[in-house]
Structure formats: structure tokens, C-alpha cells
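Please describe this protein for someone who is looking at it for the first time.

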Amino acid sequence: MSTRLVSVVVPTKDVGRTIRRCLESIRAQDHRELELIVVDNFSGDATFGVAQELADVAVQRGPERSAQRNHAIALATGRWVLWADADMRLSPRVVSDAVETAEREDAIAVFIPETSVGEGFWTACRALERRCYAGEPMIEAPRLVRRDFFERSGGFVADVAGQEDAELRMRLLADGARLAWSTAAIEHDEGRLTFGGVMRKRLYYGRSIPAYAAAAPGAVPAQALATLRAFARHWRLLAADPVHAVGMLVLRSCELVAYGAGALRARRAAGVVTR
């Protein structure tokens with residue numbers, strides 16, 4: 001097995017709008033030692049057909065993104081695992097730049113920069129927010145990780161949905177793993193975000209907060225503090241775009257409420273089950 005083989009993992013579910021562009025961008029990487037594994041959560045649209053057309057391995061498995069990724073890692077043969085979401089597009093040097101960075105820095109995992117694109121006011125707010133997070137190790141999460149780290153520490157936490165990347169980051173930090181940053185960027189197609197759509201997603205993700213907090217003690221307040229510090233450090237960036245900066249702060253504040261509501265529901269449900 002080549003020490004430079006990268007297994008690119010993409011979990012999917014009903015992502016017909018973006019899946020072809022995502023997989024084609026992976027196929028267009030200038031790093032040739034690459035296998036593409038798609039694990040589809042029984043999509044009702046054309047997603048799985050596109051995956052079968054473009055992936056080296058395309059299988060169907062649920063019930064959530066963490067479990068899908070774990071199944072893909074079990075199928076992977078590369079020394080490295082890189083995961084992307086189906087609404088992302090990788091610039092041609094993303095994989096090669098990440099691997100070269102890992103080799104140069106003797107890193108176990110590599111952060112890959114990410115930009116948000118799409119239409120509408122709330123999407124512009126999200127793009128501004130993401131710019132504030134660039135280079136923040138307590139907010140961003142590595143996307144390229146050596147496969148033997150998963151073999152030693154276990155895969156993604158199955159009952160964490162929405163914070164699974166953050167939990168992995170906390171595990172890497174706790175393990176003292178050497179981390180590095182590459183430069184070639186991933187473009188995240190947010191589409192046209194709506195306020196209601198964002199809140200519904202955060203309410204759902206909030207249900208995993210108790211599991212995340214249990215898996216990574218102290219991570220939730222540490223990440224919240226890091227977010228505030230990131231905004232403070234980038235005050236000039238925010239001041240240059242006050243309309244979207246205010247929208248970002250409103251959106252972020254409401255997201256925290258939705259996360260909290262989802263977490264409260266999960267705790268209440270667990271209380272009902274355990275009584």
C-alpha cells in the first residue's frame with residue numbers, strides 16, 4: 001500500500017443539487033493516489049446513482065453522518081482519510097497540499113481552509129463568520145487524518161451529530177497529536193440559507209450536545225470562549241461590513257438558543273427513558 005494513498009470519504013443523503021459537482025471536484029484532484037468512498041443514507045433522489053457512477057466504492061448505510069463515516073473508514077485502504085460533505089467543492093490541489101503539509105510537518109492531522117459561498121443575506125453572514133474562524137484550532141476541525149489514529153482511538157462518536165468533527169479535534173488535542181494547516185481551500189456551497197432553516201438544523205444538532213459534552217468534557221465552554229475571542233480579534237473585518245456583522249451576531253445568538261433548546265429536549269428525553 002502506498003504511504004500517500006488518500007481515502008476521500010463523502011457521506012450523503014438527498015443531495016442531488018450538489019453531489020455531482022462535489023464528486024467531480026474530488027476526481028479532478030492533482031493527487032493521483034486517491035480512492036473515493038461514498039456512503040449514502042438511502043437517498044430518495046438521484047444521489048446514489050451519481051455516487052455509483054463516480055466513486056470507487058459506493059454503498060448505502062445509515063443512520064447518521066458519524067456512522068456513515070465510520071463505515072467508510074472501515075472500507076478505506078489509504079494511509080490517510082479525508083472527509084468532505086456533499087455540498088463542498090475541492091479546489092484541484094486540496095488533497096496534494098494537505099498530504100504535502102502533513103509530510104513536511106510530520107503531522108497526524110491537517111486543517112484545510114474552508115470558505116462559504118451561496119446566495120442571500122444569511123449566507124453572506126455565514127461567510128463573514130467563517131472568515132473570522134480561519135486558523136482557530138478550537139473552532140475549525142482537521143479534515144485529513146492518518147487512518148491509524150482512528151484504529152488506535154476509535155472512529156467518530158456514533159451518537160454525536162453536528163459536533164462530530166469538533167469531538168475528533170478535541171480527541172486529537174488531548175492525545176497531543178501534531179496538527180498542521182494547509183492552504184488550498186474547500187468551497188462550501190451553503191445555497192440560500194434561511195433563518196428558519198438554520199434554526200431547525202441547530203435545534204436538531206443541539207440534541208447531540210449532551211453526548212458531545214460527555215465525550216469531550218469542557219469542550220462546549222472552551223469553544224464558546226474561542227468564538228468570542230475570534231470575533232474580538234477580527235473586529236476590523238466585522239467593522240468593515242457592519243450590516244452582515246450585525247446579522248451574523250443575531251444569527252449566532254439565536255443559534256445558541258436553538259442549540260440549548262435541542263440539548264434540553266435530549267436531556268428530558270433521556271430522563272424519561274431512565275426513570
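In this predicted model, Trp83, Phe149, Phe150 and Phe156 are linked into a cluster by pairs of aromatic rings. Phe150 and Phe156 are both buried.

By the rule used for such rings, the count comes to 9 aromatic pairs. Another of them joins Tyr133 and Phe231, whose ring centres lie 5.9 Å apart with planes at 25°, so this pair is stacked. Tyr133 belongs to helix 5 (residues 121-133) and Phe231 to helix 10 (residues 219-233), so the pair ties together parts that are 98 residues apart in sequence. Tyr133 and Phe231 are also both buried. The two pairs described here are set out in the table.

| Ring pair | Distance between centres | Angle between planes | Kind |
|---|---|---|---|
| Tyr133 and Phe231 | 5.9 Å | 25° | stacked |

How many strands does the open sheet have, and in what order do they lie? The open sheet has 7 strands in the order 3-2-1-4-8-6-9, and their pairing is mixed. Its edges are formed by strand 3 (57-60) and strand 9 (179-181), each of which pairs on one side only. Neighbouring strands of this sheet are turned against each other by 20° on average, when direction is ignored.

Strand 1 (residues 6-12) and strand 2 pair in the parallel sense over 7 bridges, and Val6 stands opposite Leu34 of strand 2.

Why can strand 2 be called largely enclosed by the rest of the structure? In strand 2 (residues 34-40), 7 of the 7 residues are buried, and therefore the strand is largely enclosed. Leu34, Leu36, Val38 and Asp40 point one way from the strand, whereas Glu35, Ile37 and Val39 point the other way, and residues on both sides are buried.

Elsewhere in the sheet, strand 6 (residues 109-111) and strand 8 (residues 144-146) pair in the antiparallel sense over 2 bridges, with Val110 standing opposite Leu144 in strand 8.

In soluble globular proteins, nonpolar side chains tend to be buried together. In this model, the largest nonpolar core has 31 residues, and those with the most contacts inside it are Val8, Val10, Leu23, Ile26, Leu36 and Leu144. At least two residues of this core come from each of strand 1, helix 1, strand 2, helix 2, strand 4 (80-83), strand 5 (88-90) and helix 4. Helix 4 gives the most to the core, with 5 residues. When residues up to four places away in sequence are not counted, Ile26 touches Val8, Val10, Leu34, Leu36 and Leu90. A second, separate core has 19 residues, including Phe111, Phe149, Phe150 and Leu172.

Thr101 is found in helix 4 (residues 94-105), and its relative accessibility is 2%, so it counts as buried under the 20% cut-off. Apart from its neighbours within four places in sequence, Thr101 is in contact with Val110, Ala180, Trp181 and Ser182. Ala263 lies in helix 12 (residues 242-274), and at 3% relative accessibility Ala263 counts as buried. With neighbours within four places in sequence left aside, Ala263 is in contact with Gly206, Arg207, Ile209 and Pro210. Ala263 and Leu251 are 12 residues apart along the chain, and their C-alpha atoms are separated by 18 Å.

Note on methods. Residues are numbered from 1 along each chain as its sequence is written. This is a predicted model: local features need pLDDT of at least 70, side-chain atom pairs count only at pLDDT 80 or more; totals for chains, interfaces and linings use all residues. Side-chain values use heavy atoms; hydrogens and water are left out. Two strands pair if DSSP finds at least two bridges between them. Helices (H or I, at least four residues) and strands (E, at least two) are DSSP runs, numbered from the N terminus. Axes are lines fitted to C-alpha atoms, for helices over the stretch in contact, and angles run from 0 to 180 degrees between N-to-C directions. Buried means under 20% relative accessible area, exposed over 50%, partly exposed in between (1.4 Å probe, protein chains only). Contact means heavy atoms within 4.5 Å. A nonpolar core is a set of buried Ala, Val, Leu, Ile, Met, Phe, Trp, Tyr and Cys residues joined through side-chain atoms within 4.5 Å. Rings of Phe, Tyr and Trp (its six-membered ring) pair if their centres lie within 6.5 Å; planes under 30 degrees apart count as stacked, over 60 as edge-to-face and the rest as tilted.
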